[in-house]
Amino acid sequence: MVHSRRKKSNNLDNLIDNVQQVLQTYIRQDCHLAVGLSGGLDSVVLLDILVTLSQQVSFELSAIHVNHGISSHAAQWSHFCCHLCYSHGVPVSVSYVNIHKEAGVSLEAAAREERYHIFNRLRADYLVLAQHQDDQAETLLLQLLRGAGVKGLSAMPIVRKQSSDAAPPILRPLLNVSRGSIEAYARQHQLNWIHDESNDSTDFNRNFLRHAILPVLSRRYPNYVKTLQRTSQHMAEASLLLDDLAASDARCCVEAGNLHISALRELSLPRARNLLRYILRLQQVKLPSTAKLNDILNQLRCARKDTQLHVVFGHTEIRVYKDFVYILPLRKLPPNHLQLKWQGESHLILSELGGSIHFTHVKGLGLCAQKLTQTPVHIKMRQGGERFSPDCKRPRRSLKNLMQEALIPPWERYALPLMFCGEELVWVPGIGIDCEFQSMPEEAGIVPEWRPNDSGGKILK
């Protein structure tokens with residue numbers, strides 16, 4: 001642990017100055033910085049530098065340690081991080097996770113995903129991580145070997161938003177600092193850190209590059225780290241240009257958040273592929289493989305107007321209706337036997353349908369409250385053959401025709417909760433209230449609202 005300071009060399013001064021310059025550029029006064037502290041060399045050095053700078057720059061400092069439970073030494077590492085933070089007077093929290101590894105996903109990737117779930121819930125202005133210049137080079141090579149595109153080859157930015165808008169952005173102040181400088185700082189200040197034995201195993205791709213490949217590259221190309229960083233920066237710039245192009249195409253091809261399939265067909269294949277990737281990322285969808293993306297794009301470009309295209313990948317489904325492409329979270333078909341009695345509650349949660357119905361009392365609007373008391377009221381699913389009359393000037397018609405006129409997509413028609421008073425269908429979300437049950441101007445009325453959880457705030461009355 002660090003208990004005293006020695007005179008720093010020019011290189012170490014530069015390291016601290018580099019971090020200070022990043023902080024002055026990106027953070028405001030009195031920000032709360034939460035350091036991701038693994039206990040390894042890089043994060044220990046980052047914590048030490050931030051402790052020093054906190055005496056010169058006004059910011060609040062804390063630390064977060066994630067115990068993955070993979071190593072038999074995990075408990076010792078958590079104890080080390082807590083003791084280190086205690087010696088600096090820095091508050092620290094420890095989060096414990098269970099790694100659930102899916103088929104085809106590496107243990108390293110699964111641990112990273114769980115770690116970022118924790119980071120997404122942090123209460124801070126910035127999450128500060130210790131990735132450095134050598135990490136950039138390793139990541140670029142790994143992405144190349146995975147066949148990544150321009151975005152995958154882009155340099156890690158110093159500041160990056162997390163997937164959740166409520167989560168603190170990630171700040172990486174060491175990205176222009178080499179591993180050698182970090183090691184020199186640790187030796188100069190006699191810092192202690194933990195050694196993760198898994199970092200020695202070349203069974204992991206990153207470790208194989210670090211221990212077996214990069215030393216060979218270094219002998220032939222001593223400046224390969226800076227060269228690869230420059231390449232990543234070029235890729236990042238190209239990625240921004242592709243996003244600008246996609247945003248321009250989206251203005252012509254997207255209406256109300258949905259992709260117009262006819263406009264998609266008019267784009268060249270590379271531009272159409274670029275646009276589809278862009279829209280999927282905007283909706284925070286995990287991108288499919290290149291082969292799957294090409295297959296989806298081919299089906300979209302070849303689909304006939306009457307085709308009800310349905311493509312599933314991961315936790316996402318793509319559907320086509322009325323010349324529009326809908327990108328949706330994958331949902332199970334709701335049980336058609338669902339039946340729930342309503343007894344005047346202010347809201348009903350329908351977990352099977354992924355939403356809730358809210359009831360508001362409004363005079364002269366909605367359902368006639370008095371008529372609802374005459375026979376039991378139930379929420380049921382559509383069975384087919386229902387008839388309905390929301391317009392008192394028109395005859396009773398089939399619910400199927402009314403839904404078609406309302407442009408309700410086919411996959412949603414059997415997922416809407418219907419309200420029955422006795423055997424009479426009295427309310428359909430997005431269609432309205434049956435003529436016989438509409439509240440008169442002076443009558444007590446009840447307005448039902450269907451609120452799907454994944455609708456982005458859309459309410460159907």
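Student: Is Ser43 buried or exposed?

Tutor: Burial is judged from relative accessible area: under 20% is buried, over 50% is exposed, and anything in between is partly exposed (1.4 Å probe, protein chains only). Ser43 has 4% relative accessibility and therefore counts as buried. The model is predicted, so that local features need pLDDT of at least 70 and side-chain atom pairs count only at pLDDT 80 or more, while totals for chains, interfaces and linings use all residues. Residues are numbered from 1 along each chain as its sequence is written, and side-chain values use heavy atoms, with hydrogens and water left out.

Student: In which element is Ser43 placed, and which residues is Ser43 in contact with?

Tutor: Helices (H or I, at least four residues) and strands (E, at least two) are DSSP runs, numbered from the N terminus. Ser43 belongs to helix 2. Contact means heavy atoms within 4.5 Å. With neighbours within four places in sequence left aside, Ser43 is in contact with Gly36, Leu37, Ser38 and Ala130. A polar contact is a pair of N or O atoms within 3.5 Å; within protein, one must be able to donate a hydrogen and the other to accept it, and residues adjacent in sequence count only if both atoms are side-chain atoms. Here the side chain of Ser43 reaches the backbone nitrogen of Ser38 at 3.2 Å.

Student: How does helix 2 pack against helix 3?

Tutor: Axes are lines fitted to C-alpha atoms, for helices over the stretch in contact, and angles run from 0 to 180 degrees between N-to-C directions. Angles under 35 degrees count as roughly parallel, over 145 as roughly antiparallel, 65 to 115 as roughly perpendicular and the rest as oblique. The axes of helix 2 and helix 3 come within 11 Å and cross at roughly 15°, and the two helices are therefore roughly parallel to each other. As to handedness, a crossing is left-handed if the near helix is turned anticlockwise from the far one by less than a right angle, and right-handed if clockwise. Helix 2 and helix 3 make a right-handed crossing. Helix 2 contributes Val44, Leu47, Asp48 and Val51 to the contact, and helix 3 contributes Phe80, Leu84, Cys85 and His88.

Student: What is the arrangement of helix 2 and helix 6?

Tutor: Their axes lie 10 Å apart, at an angle of about 65°. Helix 2 and helix 6 are therefore roughly perpendicular to each other, and their crossing is left-handed. On the helix 2 side the contact is made by Leu41, Asp42, Val45, Asp48, Ile49 and Thr52; on the helix 6 side, by Ile182, Glu183, Tyr185 and Ala186.

Student: Which residues have the most contacts inside the largest nonpolar core?

Tutor: A nonpolar core is a set of buried Ala, Val, Leu, Ile, Met, Phe, Trp, Tyr and Cys residues joined through side-chain atoms within 4.5 Å. The largest one has 40 residues, and those with the most contacts inside it are Leu23, Leu33, Leu47, Leu50, Phe59 and Leu61. Elements giving two or more residues include helix 1 (10-26), strand 1 (31-36), helix 2 (41-53) and strand 2 (59-67). Helix 2 gives the most, with nine residues. Another core, of 32 residues, lies apart from it and has Leu372, Leu402, Leu416 and Cys421 among its members.

Student: Where is Ser58 found, and which side chain makes a polar contact with that of Ser58?

Tutor: Ser58 is in the loop between helix 2 and strand 2, and is partly exposed at a relative accessible area of 30%. The side chains of Ser58 and Asp30 make a polar contact at 2.5 Å. Beyond four places in sequence, Ser58 is in contact with Arg28, Gln29, Asp30 and Cys31.
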